Amino acid sequence: MKKLHWLVRFLFGPVPVYFSALAILIVLTNAQYFGLVGVGVAPRAAKLASSTPVVSVMKYCDIFRGEWVPDKEAPYYNHKTCPHIQEHQNCLKYGRPDLGFLKWRWRPSGCDLPRFDPLQFLQFARGKSLAFVGDSLARNHMQSLLCLLSQVAYPKDISANPTTQNKVYHYRAYNFTISMFWSPFLVRAREPAEDGPAHTGHWSLYLDEPDESWVSQLHRFDYVLVSAANWFSRPSLFYEKRRLIGCSFCSRQYGVPDLTLYYSQRRAWRVALRAINDVERLRGRVIVRMLSPMSHFENGTWDQGGDCKRTEPLRANQTHMEGRDLHFYNAQMEEFRAAAKAAQEKGRRLMLMDATAAMLMRPDGHPSRYGHWPNEKVQLYNDCIHWCLPGPIDIWNDMLFQMLLAE
């Protein structure tokens with residue numbers, strides 16, 4: 001009887017109860033580091049805890065061609081449940097009044113695109129690593145993924161320098177890492193000494209030298225998603241073999257021809273893709289994302305009062321690519337096909353995420369002026385380039401998961 005009394009005191013006395021409560025408090029306080037369900041999203045997470053595995057539909061369906069259809073369930077996160085939204089894309093926080101743009105989902109022709117399942121994505125990604133390479137739209141894409149995953153888990157920021165554009169996030173419970181490599185031109189670049197809000201300073205682009213900051217790290221990752229487009233629209237000086245050979249948006253003061261931005265965009269993609277194929281220890285899969293439209297400004301250009309005030313998607317027959325978008329798209333596609341052929345000869349495979357057609361129909365999905373408070377004195381133009389979070393860009397991760405599953 002005394003032994004039983006001692007056992008009860010040992011298990012349920014004040015000391016063990018205290019330490020048990022302390023342990024629970026520590027776990028709950030640091031839930032984001034243990035991969036636990038985030039606050040306020042448990043109902044959605046419970047709905048997603050399905051035993052039915054997500055399967056790829058890409059074997060019998062082109063997921064990149066289709067229409068936008070109404071979706072009553074969206075969105076799946078907001079600015080209060082996701083701490084990773086860039087301020088200038090935080091449309092809900094800054095009071096965008098029309099929320100109908102959130103109530104749409106992408107439906108490919110001939111099949112249904114499975115909704116992104118964060119639980120199954122993390123289970124699939126266990127022990128793996130994913131890198132995004134590119135500009136602010138690559139970051140926009142990465143933050144969309146972080147937000148979708150925030151329905152069930154939060155990562156820890158383990159970036160070497162939290163103040164830089166390069167980021168590293170780790171999901172400890174899944175040993176899964178997401179990285180961001182800031183490389184808006186994909187090749188080596190030097191920023192102008194003076195730029196200003198209108199970005200009139202000239203960048204120096206070394207168009208025959210890939211940016212080693214990301215190329216040298218490719219072998220470390222299981223998946224790498226590469227993209228770049230809109231930064232080629234900035235005034236630039238072009239160098240090859242360390243010699244100035246041309247420029248874009250330049251005057252005669254440099255004594256070289258204006259080769260236009262189309263030269264630098266094509267050349268940069270060619271050099272970047274060639275560098276990918278030249279990596280000897282490449283163990284992962286490289287995905288090239290086609291451009292996100294730059295043509296959604298209406299009633300003026302980006303620096304002349306242009307805006308994007310639409311409140312619902314267009315249909316496929318209501319829009320088409322033209323101008324800069326078309327030039328960039330065709331050049332990138334041609335360079336991708338050439339690189340994919342070269343990769344195949346080495347027994348490798350480059351993958352293509354062609355989300356351009358889907359996003360061309362979504363001029364309603366941009367922040368416009370809802371990237372800051374209305375009375376805030378900021379030097380910002382209406383943003384018709386990036387995407388609201390939550391917003392249409394979330395389907396890039398529906399597509400991404402399908403592509404990874406197909407492998």
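**Exercise 1. State the handedness of the link between Cys-247 and Cys-250.**

Solution. The torsion about the S-S bond of Cys-247 and Cys-250 is 50°, and the link is right-handed. The sulfur atoms of Cys-247 and Cys-250 lie 1.7 Å apart and form a disulfide (a pair of cysteine sulfur atoms within 2.5 Å). Cys-247 and Cys-250 are both buried (under 20% relative accessible area, where exposed is over 50% and partly exposed in between, with a 1.4 Å probe and protein chains only).

This is a predicted model: local features need pLDDT of at least 70, side-chain atom pairs count only at pLDDT 80 or more, and totals for chains, interfaces and linings use all residues. Residues are numbered from 1 along each chain as its sequence is written, and side-chain values use heavy atoms, leaving out hydrogens and water.

**Exercise 2. Describe the disulfide of Cys-91 and Cys-388.**

Solution. Start with the distance: S to S is 2.0 Å. Next, the torsion is about -85°, so this disulfide is left-handed. Then place the ends. Cys-91 sits in the loop between strand E1 (66–70) and strand E2 (104–108), and Cys-388 in the loop between helix H9 (356–360) and helix H10 (395–406). They are 297 residues apart. Helices (H or I, at least four residues) and strands (E, at least two) are DSSP runs, numbered from the N terminus. Last, burial: Cys-91 has a relative accessible area of 1%, so Cys-91 is buried.

**Exercise 3. Find how many disulfides the whole structure holds, and give their pairing.**

Solution. The search finds five. Number the bonded cysteines of the protein chain in sequence order. The pairing reads 1-4, 2-5, 3-10, 6-7, 8-9.
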